[in-house]
Amino acid sequence: MKQVVQNYKSGELAVLDVPAPGCKPGGVLVRTAYSLISTGTELMKVSEAGMSMLGKARSRPDQVAKVMQSVATNGVPATYRKVMGKLDSYTPLGYSLCGVVEQVGAGIDDVKVGDLVACAGNEHALHAELNWVPKNLYARVPDDLAPRHAAFGTVGSIAMQGVRRGEPQLGEVALVIGLGLIGQLVVQLLAASGVRVVGADPDPMRCELAERLGAAACGDPASAAVEAAVTELTGGHGVDQVYLAASGGSNQPVELAARLSRDRGRVVDIGKCRLDLPWNAYYEKELDVRFSRSYGPGRYDPEYELEGRDYPIGYVRWTERRNLACFLDLLARGRVDVEPLVSHIADFDDAVETYQRLKDGDLKAVAVLFRYSEPAGEGKAEAPAVAVPAVRRSGGVPTPARYALARSAGAPVRLAFVGAGNYATSMLLPHLAQRDGVELSTVVTTTALSATNAQRKFGFAQATTDLDAVLGDPSIDAVFVVTRHSSHAELTRKALLAGKTVFVEKPLALTEDELAGVLAAVEESGNDRLQVGFNRRFAPLLREARGRFGARTGPASLRYLVNAGRLQHGSWYLRQGTEGSRFAGEGGHFIDTASWLLEADPVSVYAAATSGNEDLQVVLRYPDGSTATLSYVTTGPAGFPKETLDLIADDKVLKLDDFVRASVYGRKRWVSSRLPKARDKGQSAELAAFIKAVRTGGPMPVPLESLVATTAATLAVQAGLAAGAPVTLARAR
């Protein structure tokens, strides 16, 4: 299918051929009829992409702060790879469309194939021929409402949420500053609510349009006309509400709002304009400043948007989806008219030219629509046919051929990646893309564009959203599972049953049942070719330090401090309901490192936590009496090293300082040179060992028993917290 994309680094706009999205449970696959260009939000993004790197930094100081924090934690090279990988990627455009339901996912019963729906979301209602849209981000279009009008649903919801935040009352007077697309819709919604409206915009054509659509008077904010109209309509008291629908760097809208508001009036910010509030003006009138967040309640809540969990109507009357349905109803009943706002309708194939004309000012428009056409005979998207590998059967149980027999001697190791997020593209794929004897065969993602980006950057032969095609491809030797945590166990299980060698990024599993499912797949298939991404045991600095420390004769005491830091609001790591606790997600890294240093697997786990479970203390006991104390804290300072470790035994101490410097104290003292460039946490060496095992058919880098023991110990931390007592590990060696 085709999709409009932009490269944020170069500013390039393109219409790309990308894999069609699959239809996942909890949503529908929609073939787009019309999609709407947001001439405010989207053009701002397009303009930012055309800036120099310094200009981009100045426009997004919040992102600069994140980069500096990443440098302190991960070093310059790793941060550079991560940032440039994000910048030099195609990103989608669009968030408001109307289309026809082409396929219905499991759990959906409110629409059927062939229904016309309006869709919302900057990840789901894109300028693309096909989109997968979750349940709470679409609404059925009323009968007789034109599809091109229904495509305004999302921006209409944004305007509606802004009006709701202003709490207008019959007979009040409102001022709308900025008469672009959102401002024009706000004017109409206020007029439909019985509110008299004054509009302010320097463009006389927009002022005239707003007056035709219901405004009592409009004018240039720099002239006396707006103030005169407000005085006449309010008897000199000032307006009851002001809606800031303008954008740009001027502070004039905020100052005008203060001057023309009545005492204790309401100021609602809908657009993205400068907000240097004049303190005296806002204080003296005790103005109520409010923000309107996008389409309504549910926005930025993944449980609502992605998992389909609605808010009870008795507690939240107007959600994203209810606003969308309400706006469509107003359109269908003629209470809001969007036809006069349509300045231009362009064919989807002309998207790049249309954006360029808008950016250059050649096309003056309030609203622009893309019109999609379906080629004759084109129907439901189907996955390409693939060959299914033959399997030998023993007692009715499929048994995959061992890798050493399945590969041709001297053939490259052919890899498939399931997932292409930040970690995969910054920490794994750069080490594999240029490695001799490795062929990146296929990348699979749930979103079409992320697969296309990975294919473009790293040279994958194919990009797809069809996992079954990869698992059924007999030419693929190994599968990397680098998706979100909740899917690791199931994807690993499927890949093992398909006879693939599997590299799964940590964690292997989030529950004991998931771990049991993976082991059942090993038992059923006879395929134990599995590696979990516990990379720290492969770190060159730590391996050298262990060699310098030498063999030990007595039990050891190990202390490991992990200064994990706080997560940013909205991070998917915080979705404990679906993605498990943060420690369950990454704690295996540190337990595996301790077990490797102590050359055994733990026999018991005791865990304690501060109030709120923010900071954890985990004590691991080993068969020879050794102990490892892991302090996993989120409340430490950002400037302190992330990982520090001390191993004490036999009158010797091994000390690791954040993978930058290591030392050993004993009869002789050894101190490593400080690494000049980066913290090498072992990813490259880990991948080299994995590829060697796949190529030769030799033992996996880490025994399966150790992977299972580390995972079980990680899961036992949560059980120990709940029980308040040590947990004995049944699988310990």
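Visitor: What should I know about the source?
Guide: The model is predicted, and local features need pLDDT of at least 70, while side-chain atom pairs count only at pLDDT 80 or more. Residues are numbered from 1 along each chain as its sequence is written.

Visitor: Which strands form the open sheet, and in what order?
Guide: The order is β2-β1-β4, with antiparallel pairing. Strands are DSSP runs of E with at least two residues, helices runs of H or I with at least four, numbered from the N terminus. Two strands pair if DSSP finds at least two bridges between them.

Visitor: Which strands stand at the edges?
Guide: β2 (13-17) and β4 (90-92) do; each has a single partner strand, so one side of each lacks a neighbour in the sheet.

Visitor: How many bridges join β1 to β2?
Guide: Five, with β1 covering residues 2-7. K2 stands opposite D17 in β2.

Visitor: Which helix lies across β1 and β2?
Guide: Helix α14 (residues 351-360), running at about 165° to β2. Angles run from 0 to 180 degrees between N-to-C directions, with axes fitted to C-alpha atoms, for helices over the stretch in contact.

Visitor: New topic. At what angle do α19 and α20 pack?
Guide: Helix α19 (residues 488-497) and helix α20 (residues 512-525) pack at about 0°, their axes 9 Å apart. That makes α19 roughly parallel to α20, a label for angles under 35 degrees.

Visitor: Which residues of α19 make the contact?
Guide: A489, T492, R493, L496 and L497. Contact means heavy atoms within 4.5 Å.

Technical notes
Side-chain values use heavy atoms; hydrogens and water are left out. Angles under 35 degrees count as roughly parallel, over 145 as roughly antiparallel, 65 to 115 as roughly perpendicular and the rest as oblique.
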